[in-house]
Amino acid sequence: GVQLQKLIEDLLKFNAITNREQALMLEPVNLDRIVTTLLDEYKVVVMARRIWFETELAEVTVLGDREKLRVVVDNLLSNAIKFSPQRGKIQITLVVENGQARLDVRDQGPGIAPEQRTRIFEAFYQGSAPYMGHVKGSGLGLSIAREYVNAHGGTIAVVDDGTAGGHFRVVLPLQQELKKG
């Protein structure tokens, strides 16, 4: 079914990345628009679980690969939704800071144990958080996200802000320094 299809797609994507076939198709990308479009796509799922989004989105354009950046944001949002309790709040903040775009996604789920904070970006690492009756993902979402963010010269990390719940932060340069092959 759909789940297997998704797993296969993730594997193919992951395979392409690890073989470094990742030529970026660079163009101006509106990060805020990617976020709002995805939130729209998740409307049905979140309404069913009464999850609400609190967004604070600046208009941010980066020079990057639209599809890959969409995958990064999609992974963070779907993760936040997956771990959110009923009636949970997901905060999404997008700002420009020091010439970089910064996207923060915070949820009110179980959070990420300190010892898992680096490991969750490893391929197939599933973590130990109890799932709310959801089919487990492939465990590749965050590794793919990390590879895509790295390819853009950015960083992705778990932020320990002292609150419960997960908090992911992606920082991307606004302009790509094209690496000469």
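# From a surface helix to a buried cavity

Leu-12 counts as exposed because its relative accessibility is 57%; residues are called exposed over 50% relative accessible area, buried under 20% and partly exposed in between, with a 1.4 Å probe and protein chains only as cover. The model is predicted, so local features need pLDDT of at least 70 and side-chain atom pairs count only at pLDDT 80 or more, while totals for chains, interfaces and linings use all residues. Residues are numbered from 1 along each chain as its sequence is written, and side-chain values use heavy atoms, with hydrogens and water left out.

The chain holds five helices and seven strands, taken as DSSP runs (H or I over at least four residues for helices, E over at least two for strands) and numbered from the N terminus. Read along the sequence, these elements follow the order α-β-α-α-β-β-α-β-β-α-β-β. Of the 181 residues in the chain, 43% are buried.

Leu-12 belongs to helix α1, which spans residues 2–18. Together with Leu-4, Leu-7, Ile-8 and Leu-11, Leu-12 forms a nonpolar surface patch with about 440 Å² of accessible area. A patch of this kind joins nonpolar side chains (Val, Leu, Ile, Met, Phe, Trp, Tyr) within 5 Å, each residue having over 30% relative accessible area and no salt bridge; the areas come from the Shrake-Rupley method with a 1.4 Å probe.

Helix α5, residues 141–151, is mostly covered, with eight of its eleven residues buried. The buried residues of α5 are Gly-141, Leu-142, Ser-143, Ile-144, Ala-145, Glu-147, Tyr-148 and Val-149. After α5 comes Gly-153, with a positive phi near 75°.

A search of the whole structure finds one cavity of 30 Å³ or more, a cavity being a set of points on a 1 Å grid where a 1.4 Å probe fits but cannot get out. The largest cavity has a volume of about 70 Å³, given as the space filled by probe spheres set on the grid points. Its lining (residues with an atom within 4 Å of a point) consists of Leu-31, Val-35, Leu-69, Val-72, Val-73, Leu-94, Ala-101, Arg-102, Leu-103, Val-170 and Leu-172. The elements that give two or more residues to this lining are α2 (31–41), α4 (66–83), β5 (100–106) and β7 (167–173). By class, the lining has ten nonpolar residues, no polar residues and one charged residue; Ala, Val, Leu, Ile, Met, Phe, Trp, Tyr, Cys and Pro count as nonpolar, Asp, Glu, Lys and Arg as charged, and the others, Gly among them, as polar.

Arg-102, one of the lining residues, also forms a salt bridge with Asp-104, the closest N and O atoms being 2.7 Å apart. A salt bridge here is a side-chain nitrogen of Lys or Arg within 4 Å of a carboxyl oxygen of Asp or Glu. Both Arg-102 and Asp-104 are buried, and Asp-104 counts as buried because its relative accessibility is 1%. Asp-104 forms a salt bridge with Arg-169 too, again with the closest N and O atoms 2.7 Å apart. That pair links distant parts of the chain, with Arg-169 in strand β7 and Asp-104 in strand β5, 65 residues apart. Arg-169 counts as partly exposed because its relative accessibility is 25%. Glu-97, Arg-102, Asp-104 and Arg-169 are linked in a network of salt bridges.

The structure holds twelve salt bridges. Another of these joins Lys-89 and Glu-54, whose closest N and O atoms are 3.8 Å apart; the pair connects strand β4 with strand β2 across 35 residues. Glu-54 is partly exposed, at 33% relative accessibility.

Several loops deserve attention. Val-60 lies between β2 and β3 (61–65) and is buried, with a relative accessible area of 1%. The C-alpha atoms of Val-60 and Leu-31 are 5.6 Å apart, although 29 residues separate the two along the chain. Arg-50, in the loop between α3 (43–48) and β2 (52–57), has a positive phi of about 55° although it is not a glycine. Asn-98, between β4 (89–97) and β5, likewise has a positive phi, near 50°, and is exposed at 72% relative accessibility.

Conventions. Patch = residues over 30% accessible without salt bridge, like charges linked within 9 Å, V, L, I, M, F, W, Y side chains within 5 Å. 1 Å grid on protein atoms, 1.4 Å probe; cavity = no way out; pocket = protein on both sides within 12 Å on 5 of 7 lines; lining within 4 Å.
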